[in-house]
Amino acid sequence: MSSIFKAMDISSSGLAAQRVRMNILSSNLANAQTTKSAENGGGPYRRQDVVFTANPVGEAFENYLDEDFGTQMQEVKVTEIHKDTKEPRMVFDPTHPHADKDGMVAMPNIQVMTEMVNMIAATRAYEANVTAMNNAKAMAMKALEIGR
Amino acid sequence: MSTSMISNNHQAMESMIGELRDIKSKAESLSTSIGEDNSSKSSGKSFADHMMDEIKEVNDLHIQSDKMAADLATGKSENLHETMLAATKAEIGFNYIVQLRNKILDAYQEVMRMQV
């Protein structure tokens with residue numbers, strides 16, 4: 001029974017990963033103008049990015065039983081949320097409370113366009129995983145029609 | 001899938017288990033009446049037992065799906081897609097059991113229709 005659901009479990013890991021990505025992208029967009037953060041010594045917000053890693057699906061012993069195929073099936077996991085190390089964007093604004101003595105304000109180095117494009121990509125990837133899951137379900141349902 | 005639908009499935013499954021018990025007892029009474037010794041039963045699980053295991057497995061899927069739906073509704077978890085996945089798994093499992101039941105009933109009726 002569980003082998004029917006394996007494809008769906010893998011798609012589920014993809015959905016979870018894309019949702020984390022979406023959350024991080026939202027965070028980037030929401031903080032595109034944030035000049036102060038709790039981290040990195042109160043400097044501007046730093047752009048974040050998710051790092052995906054492929055993980056063999058199921059338990060190690062199960063992989064043994066599945067022989068060669070067990071290790072071929074890999075689910076995706078978010079293993080790291082990478083902080084951008086790019087220098088902050090300096091903007092001249094002497095009236096800003098966080099301006100330095102030259103009147104320059106350190107703004108986050110976030111391109112809103114890039115974030116939007118990434119967001120579309122995340123949405124599409126999510127949709128693709130849902131489609132894969134629905135197709136896996138359709139296959140299982142089709143199998144139940146055998147001999148009817 | 002709504003919780004009420006899942007509990008409906010539970011009821012359907014309960015009645016199905018009852019039906020299968022019925023069939024099992026009928027089959028057993030038939031086999032004893034024709035004087036077959038039940039030594040094969042002690043050697044391993046009977047077909048009905050296997051069937052019951054299968055039903056229990058699917059019932060577990062339903063219980064899991066039920067629990068996840070309740071957790072999502074009460075805000076205990078935020079796993080929207082995993083809840084949907086559990087519901088889908090329960091749906092497939094339930095369909096599987098229904099098909100299995102149809103097959104068994106077909107076979108049973110075929111045997112009952114046999115000319116003696």
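**Chain B and its contact with chain A**

In this predicted model, the contact between the two chains draws on 17 residues of chain B and 17 residues of chain A. In chain B, the residues that lose the most area to chain A are B:H81, B:L85 and B:I92, which together account for 40% of what that side buries. The size of an interface is often expressed as the accessible area lost when the parts come together. Here chain B and chain A bury about 1500 Å² between them, and 67% of this lies on carbon and sulfur atoms.

Polar and charged groups also take part in the contact. Between chain B and chain A there are 5 residue pairs in polar contact, counting pairs in which both residues have pLDDT 80 or more. The number of salt bridges between the two chains is 2. One of the salt bridges links A:K137 to B:E91, with 3.3 Å between the closest N and O atoms.

Which helices of chain B each supply at least two residues of the side that touches chain A? They are α3 and α4, the latter covering residues 80-112. Helix α4(B) gives the most to this side, contributing 13 residues. Sorted by class, the side of chain B that touches chain A comprises 5 nonpolar, 6 polar and 6 charged residues.

The next element to examine is helix α3 of chain B. This helix runs through residues 47-73, 27 residues in total. From its first C-alpha to its last it reaches 39 Å, close to the 39 Å expected at 1.5 Å a residue. An α-helix has 3.6 residues a turn, so residues three or four places apart point the same way. The buried residues of α3(B) include B:A48, B:M51, B:M52, B:I55, B:V58, B:N59 and B:H62. Further along the helix, B:S65, B:D66, B:M68, B:A69 and B:D71 are also buried. Just after α3(B), B:G75 adopts a positive phi of about 80°.

Is B:T83 buried or exposed? B:T83 counts as buried because its relative accessible area is 7%, and the cut-off for burial is under 20%. Leaving aside residues up to four places away in sequence, B:T83 touches B:M68, B:A69 and B:L72. By contrast, the C-alpha atoms of B:T83 and B:M114 are separated by 47 Å, the two residues being 31 residues apart along the chain.

How values were computed
Residues are numbered from 1 along each chain as its sequence is written. Chains are lettered from A and ligands numbered from 1 in the order in which they are written. This is a predicted model: local features need pLDDT of at least 70, side-chain atom pairs count only at pLDDT 80 or more; totals for chains, interfaces and linings use all residues. Side-chain values use heavy atoms; hydrogens and water are left out. Helices (H or I, at least four residues) and strands (E, at least two) are DSSP runs, numbered from the N terminus. The expected span of a helix is 1.5 Å times one less than its number of residues. Buried means under 20% relative accessible area, exposed over 50%, partly exposed in between (1.4 Å probe, protein chains only). Contact means heavy atoms within 4.5 Å. Buried area is the accessible area (1.4 Å probe) that two parts lose on being put together, summed over both. A salt bridge is a side-chain nitrogen of Lys or Arg within 4 Å of a carboxyl oxygen of Asp or Glu. A polar contact is a pair of N or O atoms within 3.5 Å; within protein, one must be able to donate a hydrogen and the other to accept it, and residues adjacent in sequence count only if both atoms are side-chain atoms. Ala, Val, Leu, Ile, Met, Phe, Trp, Tyr, Cys and Pro count as nonpolar, Asp, Glu, Lys and Arg as charged, and the others, Gly among them, as polar.
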